[in-house]
Amino acid sequence: MTIDDGPSIDMQQKLDLLIRKNIPCVWFCIGDFLEERPEVVKNAIRAGHHIGNHSYSHPGFSDISLTEAIAEIRKTDTIIQKLYDDSNVEWKHKFFRFPHGDKGDFLHGDLEKIPSEQGQLRKDAIQSYLKLLGYKQPNFSGVTN
C-alpha cells in the first residue's frame, strides 16, 4: 500500500490500523510536513514501514526550474535520512513520487500540459539526480487490484 501527502494529522491512527492488520506501507511524505510531525514518522519507520520522498513543498515539477526541483528532492532526502538515523534504522529503499504525477516534462505553467523538448530534458535531469541519490522504482510484483 502507498499513502501520499503525509505525514497527515491522523497518520498515527492510520499507522495503528495498518500495524494491527499487518499491512506494509510506503508513506510518500512532504518535507515540510515531516518537519512538523517527525515522531509519528519515526514510529512508522520503527514499525517497518518505508518513508518515500514526495518533495519538500509539493509543487508541480513542470512549474518549477530544474534547480528548484533538485532542491525540493534534496531537502526532503536530508530530512528523511535524519529520521531514519534518529530511529536507528537503515534507509534501505529510497522511493520518490512526483507531486500531482507531474514529472517535470511539460512547459512551465502550461495549463493544458503540453509536453515539450525542454520539459523532457528537465525530466531526464531529475531522473538522473534521483538515481544519483540512490532512488529506485519500487518493485510491485505480486501486487493486484
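Trainee: Which residues in H3 meet which ones in H4?

Mentor: This is a predicted model, so take the contacts as computed. From H3, the residues are Pro38, Val41, Lys42, Ile45 and Arg46. From H4, they are Leu83, Tyr84 and Asp86.

Trainee: At what angle do H3 and H4 pack, and how far apart are their axes?

Mentor: The angle is about 65°. The axes lie 9 Å apart. H3 covers residues 38-46.

Trainee: Is the crossing left-handed or right-handed?

Mentor: Right-handed, as H3 passes H4.

Trainee: Back to Pro38. Where does Pro38 lie, and is it buried, exposed or partly exposed?

Mentor: Pro38 lies in helix H3. Its relative accessible area is 25%, so Pro38 counts as partly exposed. The cut-off for buried is under 20%.

Trainee: How far apart are Pro38 and Val26?

Mentor: In sequence, 12 residues. In space, Pro38 and Val26 are 16 Å apart, C-alpha to C-alpha.

Trainee: New topic, the backbone. Which peptide bond is cis?

Mentor: The one from Gly6 to Pro7 is cis, with omega near -5°. Pro7 sits in the loop between strand E1 (2-6) and helix H1 (11-20).

Trainee: Then which phi value does Asp5 have?

Mentor: Near 65°, which is positive in a residue other than glycine. Asp5 is part of strand E1.

Trainee: And what is the phi of Ser55?

Mentor: Near 80°, again a positive value in a residue other than glycine. Ser55 is placed in the loop between strand E3 (50-53) and helix H4 (66-86).

Trainee: Buried or exposed, Ser55?

Mentor: Ser55 is buried, with a relative accessible area of 0%. Asp5 is partly exposed, at 36%.

Trainee: Last one, pockets. What is the volume of the largest pocket?

Mentor: About 320 Å³.

Trainee: How many residues line the largest pocket, and which lie nearest its centre?

Mentor: The lining has 13 residues. Nearest the centre are Phe96, Arg97, Phe98, Gln137 and Pro138.

Trainee: What about the lining by class?

Mentor: In the lining of the largest pocket, 7 residues are nonpolar, 3 are polar and 3 are charged.

Note on methods:
Residues numbered from 1 in each chain as written. Predicted model: local features only at pLDDT ≥ 70, side-chain atom pairs only at ≥ 80, totals over all residues. Heavy atoms only, no water. Helix = DSSP H or I, 4+ residues; strand = E, 2+ residues; numbered from the N terminus. Buried < 20%, exposed > 50% of the residue type's maximum accessible area, 1.4 Å probe, protein only. Axes fitted to C-alpha atoms, helices over the stretch in contact; angles between N-to-C directions. Left-handed = near helix turned anticlockwise from the far one by under 90°. Contact = heavy atoms within 4.5 Å. 1 Å grid on protein atoms, 1.4 Å probe; cavity = no way out; pocket = protein on both sides within 12 Å on 5 of 7 lines; lining within 4 Å. Points joined across faces, edges and corners; volume = space filled by probe spheres on them. Nonpolar A, V, L, I, M, F, W, Y, C, P; charged D, E, K, R; others polar.
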